[in-house]
Amino acid sequence: PTPLIIDTDPGVDDAFAIALAALSVDVELLGITTVFGNVPLEATTLNARRVLALCGRADVPVAAGAARPLVHAQLQRASHVHGSDGLSGRSAALPEPVRALEPGGAVGLLVSLLEAAAEPVTIAPIGPLTNIALLLAAHPEVREKIARIVVMGGGLAGGNTTGAAEFNIWSDPEAARRVLVEEPVPCVLVPMDLTYRCAVDSTWLGKLAASGPIGTALEALTPDYLAHYRKALGWDGIVLHDAVAVAEAIRPGILQTESYPIEVECSQGPARGATLVDRRRQALRADAEGDVAPGRVEVSVDTDLEGLRGFILE
Ligand code: BDR
Ligand code: CA
C-alpha cells in the first residue's frame, strides 16, 4: 500500500477525505498534520482526531501545525461553508479522540515519519500550504523521501473565495508559492475546476448514510455544507474537493493530469492567491530531461466521474 500523510483543516470535505484514507486498504496512512483554515487550528485538530476515532484508527498519529499564514495575517474562515465548528455544528456527535496529540508539532511529525519511511511517501495537503512550506524550508533533506505532493487547491478559471482565488491558496499564497513554484518536488494540483465536476448528489449521500455506522456519521456532518452548495450551485449536492485529491493520492492515475508551468499571485491586489496555470500550447512541452522542474506541476484536468464517485463511496 502507498504510504500517505494528510495535512488538513477539517472541514466537511476534509473529514470525508480522512475517512477515505483511514478506511482504504490501498494506502498506509502514516499520520495526519493539521493547519488553520476552514476554522481555527484548535477546531481543525479536534475534528481530525474525532474523524480518526470514528474510523477506529487510534493507531494514526496526529500533530497540530500552523495557526496562521506564513507572512500576512489574513484569517478569513470558511465557517459560513462548513459550519461554526467546521463540521456543520455536528462535531460533538463524533466520538472523542482516543489518542493524545503528538508533542513535536506538524513539522516534527512530518520529519520523523519521512525519515523513518522505507519508501518515498505521498503527502496530500488539503488545506492552506503553511505546514508544507515550513517543512520544505526547514528540512530540504526530506525532499528525497517525498514521492509526490498531491495538493487540493487553485482554480484555472477563477476562485471560490475571491473572483481570482481558491480558498486553500488564498489562505496562504506565500506558502503555496513556495511549495508549488519554488520547490523541486513533484506536485499534482487538484483544482476546483475538476472537484466541482466531481460533486455528489443527495442520492449518493443517501447511499453513504445507508452503508453502515461510519457512513451514517459522515453523512450527518453535511447539513450546513449542503445548504451552502444548495445556495451556491442551486442543486442538492456537495463538492468533496479534498476527497477527490486524496483519491488520487491513494490511486495514482484515477485523475488525468497534464504538466504545466504554474505561478501563484502573491501581490496584495485583487488577484492575490490566484493560480496562474500556463496552458499555452508551447507550455505543454515537458522538461527535456524528465527532471522535476520547479514551477511546473501536474494539473488534474479530468476523470471518470462516475468511477471516482463509486470509488469514494466504496
Ligand atoms: C477547499 O477549501 C476548503 O473550504 C475545503 O475544505 C477545500 O480544501 C476548497 O476550495
Ligand atoms: Ca480542506
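**A buried helix, a ligand shell and a nonpolar core**

His241, Asp242, Ala243, Val244, Ala245, Val246, Ala247, Glu248, Ala249 and Ile250 are the buried residues of helix 12, where buried means 20 or more other C-beta atoms within 10 Å of a residue's own, exposed means 12 or fewer, partly exposed is in between, and C-beta atoms are placed from the backbone. Helices (H or I, at least four residues) and strands (E, at least two) are DSSP runs, numbered from the N terminus. Ten of the ten residues of helix 12 are buried, so this helix is largely enclosed by the rest of the structure. The model is a predicted one, in which local features need pLDDT of at least 70 and side-chain atom pairs count only at pLDDT 80 or more, while totals for chains, interfaces and linings use all residues. Residues are numbered from 1 along each chain as its sequence is written, with chains lettered from A and ligands numbered from 1 in the order in which they are written.

As for confidence, pLDDT (the predictor's confidence in each residue, from 0 to 100) averages 94 over the protein chain, and 95% of the residues score at least 70. The complex gets an ipTM of 0.99 and a pTM of 0.95 from the predictor.

On to the overall fold: the protein chain has 13 helices and eleven strands. Its radius of gyration is 18 Å, close to the 20 Å that the globule rule gives for 314 residues, so the chain is as compact as a globular protein of that length. That radius is taken over C-alpha atoms, and the rule is 2.2 Å times the number of residues to the power 0.38. Of the 314 residues, 53% are buried.

Ligand 1 is surrounded by 16 residues, and Gly11, Ala78, Phe167, His241 and Asp242 are the closest; a residue is near a molecule or strand if its C-beta atom, placed from the backbone, lies within 6 Å of it. Helix 1 (12–23), helix 6 (167–171) and helix 12 (241–250) each put at least two residues into this shell. Gly11 itself is in the loop between strand 1 (2–8) and helix 1, and a cis peptide bond with omega of about -5 degrees joins it to Pro10. Most peptide bonds are trans.

The largest nonpolar core holds 96 residues, of which Ile18, Ala21, Val151, Ala245 and Val246 touch the most other members. Helix 1 supplies the largest share of this core, nine residues. Such a core is a set of buried Ala, Val, Leu, Ile, Met, Phe, Trp, Tyr and Cys residues joined through C-beta atoms within 7 Å. Apart from neighbours within four places in sequence, Val151 is in contact (C-beta atoms, placed from the backbone, within 7 Å) with Pro125, Leu129, Leu180, Cys187, Val188, Leu189, Val190 and Ala245.

Leu180 also turns up among the buried residues of helix 7. Helix 7 (residues 173–182) is mostly covered, with seven of its ten residues buried.

Ser88, in the loop between helix 3 (79–82) and helix 4 (105–116), has a positive phi near 55 degrees. With 22 C-beta neighbours inside 10 Å, Ser88 counts as buried. Gln268, in the loop between strand 9 and strand 10 (275–277), counts as exposed, with 10 C-beta neighbours inside 10 Å.

Definitions and conventions: Two residues are in contact if their C-beta atoms, placed from the backbone, lie within 7 Å.
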